[in-house]
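Reader: I have a model open and would like to go through its side-chain contacts. Can you take my questions as they come?

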Amino acid sequence: MTGMQFGIFTVGDVTPDPTTGSAPTEAERIRATVTVARKAEEVGLDVFATGEHHNPPFVPSSPTTLLGFIAAQTERIVLSTSTTLITTNDPVKIAEDFSVLQHLSGGRTDVMLGRGNTGPVYPWFGQDIRQAIPLTVEHYDLLRRLWREEVVDWEGKLRSPLQGFTLAPRPLDGIPPFVWHGSIRTPEVAELAAYYGDGFFANHIFWPASHTRKMVEMYRKRFAHYGHGTPESAVVGLGGQVFMRPNSQDAVREFRPYFDNAPVYGHGPSLEEFTSQTPLTVGSPQQVIDKTLGFREYAGDYQRQLFLLDHAGLPLKTVLEQLDLLGEEVVPVLRKEFAVGRSPEAPAAPTHRSLLRERDERDKRDAKNESG
Amino acid sequence: MTTKITIITGGLREPSSTRMLANRMEAAVRTQLTAAGSTVESSFVELRPLGHAIIDAMFSGFPAEPLEEAFGTVADADGVIAVTPAFNASFSGLFKSFFDVLPEETLSDMPVLMGATGGTERHSLVLEHALRPMFSYLHAIVSSRGVYAATDDFGSQSDGAVLRDRIDAAAADYARLVRGCGPHRRRDAFGEGAAAMEQLLGRDRP
C-alpha cells in the first residue's frame, strides 16, 4: 500500500453535449453528480470532490449540501471540495458547514481551499476583490482558530470581530478537517500551504508540467523552511484529466468533439497539442497509467491524485463507463506501481483516522514525558 | 560587457520589409554598442511562426513551448527592438497579441527601440500613437526616436540613404539608452508573489 488516494473532482458544469446539442437540466446535472459520486465509491476510488460556483452554467453553489447528501448514500469515500472559496465565504460558516459534514459522514471529510477565479463573485458575497490575498490570509487564520480553539476572541481588518465565540458543533473528535490549498498558477497559495504545513493541490489540468514542477518544488522547499519536516514529507495532490476507451483511437475519435467545443479550452490548441502540453490523456487505460505515473517525476512521491471526468457535456452514461475503466483497469495498477520505489519519507494521505491516531500517540507521548 | 538585444519582428511575408528594417536596426545598434565597447548578442523573435501559439495562449492561459522560449528570450534581454507592420493605422493584431500574452512585467524597465513599416509615410505617426503608449503602459523605457520605413524608403534611388541616416540616428540614441540602463534584471513574478505572501503571513504574528 502506498497510502495514496485516487479520486475524481467535478466542476459541475451544465454544458450541452456538442454531439447532440442537448443539455441536462440543473436537476438532472445535480442528480448525475450524485450518481457519479456513488459510482466512484462503488469502483473503489477514495475521494470525491466538488467545485464551488455561484453562476450559470454551474450547479454546485452549496457544496456541503451536496456532499452531505452523498455522505448519506456512501460508506467509505472521502468527501472533499475543489475548491471551497476562502475569500468570499465567511470563515465562521465554512467552519460550521464542514464540522457538521464531518459528524454526518463519520470523519470522511476534508476541504480544499482556493481563491476562486471568478471576479464578479466577490461583490455577490459582500467582499472586495481588491482584497483577494489579504482576505485569503485573514479568513484562513480565523478558520483555523475556530476549529482549534474552544473560545475564540478574534479581530481582523476585513471582518467584524468575534468575542467569546464557540463553534458548534466542535470538529469531530476534536480533529479539524484536513486542509488542502488548491491552486492553478498562484505561488501565493503554495506559500500559504507551506506556512501552515497543510496539503498543496496543484490543479494542473490547464497547465504544463514545467509550471506544476515549479509550484510543487517551491511548496516542498517552503514546507521544510517553516519547520514542518523534510520536503519529501510534504503533502501534495495533483489534478488530471482523462478520457479512455480500450482502443486509443476510439477514445480520440469520441472525445474530440467534446474537447473542440469545451468552454474552457475549445477552439484553442488542438487535442493533440493539449495532450502533449498538459496532463490531459485521451487514449487507452494503459496510456493513462503511463502518463499518470510520469507525474511523479516532477512532483515527487505524492498523496492524492484526482481526475476530472464529467465535464464538457459528456453524457452520464459515458462518465460512468469512464469510472468503470478508472476503477477496474487504471487505479489498481497505479496503486501498485506508485508503491514501487516510493520514498519512505513520503507520508500516506492524511485522513480523519490517521490524524486521530497521530493525535492520540502525541498525547500518550506527552503524558509519558510529564509523568517520567 | 555583453549586451543582449532581442529583436521582435511582426512581419507576415517572406521576404518581409519589416524583417528587413529589423535587420538594419539591429545592425546599426550593434555597430553603436560595439564601438562603445560592448559585445552584442542578438536574438530574433519572429512572430509569424508563433501566430497559432499566441492565440492558443490567449485561450488556454498558458504558452506552448516555442512561445515560452520566445518569452524567455525577451525577458533575458538587456534591450528590445520591436518592429511591426502598420495595419489600419495601428500595429498589426499579431504584434499586439504577442504583448497581450507576454507575462506581466517582462518589459518593466526594458529599453525599447520602436520600428514600423507601412505602404506610405502618412502612417509614420503610428510609432507615436500606437506603439509608444503601449510600451509606456508596460513600463518599458522607450527610446525617444523610433524608425518608420515606408515602401518609398526601400525603393528610393539613393539606396535608402535617408532611411539609413534615420536608422543610425535612432540607433545612436538607443545605444546610449541601453548603456545608461545597464544590464536588465529579469523579473521573477513567481518568487515575488511568494515573497509578498510570506510577508503578509508574518505580519501581526508573535
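Reader: Which residue lies over the face of B:Phe44, and at what distance from the ring centre?
Author: B:Arg19 does, at 3.9 Å from the ring centre of B:Phe44. A charge is counted as over a ring if NZ of Lys or CZ of Arg is within 6 Å of the ring centre and within 35 degrees of the ring normal.

Reader: What lies over the face of B:Phe190?
Author: A:Lys214, at 4.8 Å from the ring centre.

Reader: Before I go on, what are the ground rules here?
Author: This is a predicted model, where local features need pLDDT of at least 70, side-chain atom pairs count only at pLDDT 80 or more, and totals for chains, interfaces and linings use all residues. Residues are numbered from 1 along each chain as its sequence is written, chains are lettered from A and ligands numbered from 1 in the order in which they are written, and side-chain values use heavy atoms, with hydrogens and water left out.

Reader: Ok. How many aromatic pairs over all chains?
Author: There are 18. Rings of Phe, Tyr and Trp (its six-membered ring) pair if their centres lie within 6.5 Å; planes under 30 degrees apart count as stacked, over 60 as edge-to-face and the rest as tilted.

Reader: How are the rings of A:Tyr140 and A:Tyr196 arranged?
Author: Their centres are 5.0 Å apart and their planes are at 90°, so this pair is edge-to-face. A:Tyr140 lies in helix H5 (residues 132-148) of chain A and A:Tyr196 in helix H6 (residues 187-196) of chain A, so the pair ties together parts 56 residues apart in sequence. Helices (H or I, at least four residues) and strands (E, at least two) are DSSP runs, numbered from the N terminus.

Reader: Are those two tyrosines, A:Tyr140 and A:Tyr196, buried or exposed?
Author: Both A:Tyr140 and A:Tyr196 are buried. Buried means under 20% relative accessible area, exposed over 50%, and partly exposed in between (1.4 Å probe, protein chains only).

Reader: And what about A:Phe274 and B:Phe62, how do those rings sit?
Author: The centres of the A:Phe274 and B:Phe62 rings are 5.9 Å apart with the planes at 50°, so the pair is tilted. This pair crosses between chains, going from A:Phe274 in helix H9 (residues 271-277) of chain A to B:Phe62 in the loop between helix H2 (51-60) and helix H3 (65-75) of chain B. A:Phe274 is buried at 0% relative accessibility, and B:Phe62 is buried too, at 2%.

Reader: Which residues in chain B do ring pairs link into a cluster?
Author: B:Phe71, B:Phe91, B:Phe95, B:Phe98, B:Phe99 and B:Phe135.

Reader: Switching to charges. How many salt bridges over all chains?
Author: The search finds 33. A salt bridge is a side-chain nitrogen of Lys or Arg within 4 Å of a carboxyl oxygen of Asp or Glu.

Reader: I'm looking at A:Arg29. What does A:Asp13 do with it?
Author: A:Asp13 forms a salt bridge with A:Arg29, with the closest N and O atoms 3.8 Å apart. A:Asp13 is in the loop between strand E1 (5-10) and helix H1 (26-42) of chain A, while A:Arg29 is in helix H1, so the pair ties together parts 16 residues apart in sequence. A:Arg29 also forms a salt bridge with A:Asp310, at 3.0 Å between the closest N and O atoms. That pair links distant parts of the chain: A:Asp310 is in the loop between strand E12 (304-308) and helix H11 (316-339) of chain A, 281 residues from A:Arg29.

Reader: How buried are A:Arg29 and A:Asp310?
Author: A:Arg29 has a relative accessible area of 6%, and A:Asp310 is at 8%. Both A:Asp13 and A:Arg29 count as buried.

Reader: What about A:Lys93 and A:Asp97?
Author: Their side chains meet in a salt bridge (3.1 Å, N to O). A:Lys93 and A:Asp97 are 4 residues apart in helix H3 (residues 91-105) of chain A, so about one helical turn separates them. A:Lys93 is partly exposed at 44% relative accessibility, as is A:Asp97 at 25%.

Reader: Back to the backbone. Where is the peptide bond from B:Glu14 to B:Pro15, and is it cis or trans?
Author: The bond is cis, with omega near 0°. B:Pro15 is in the loop between strand E1 (2-9) and helix H1 (17-35) of chain B. The bond from A:Ser82 to A:Thr83 is also cis, with omega near 10°.
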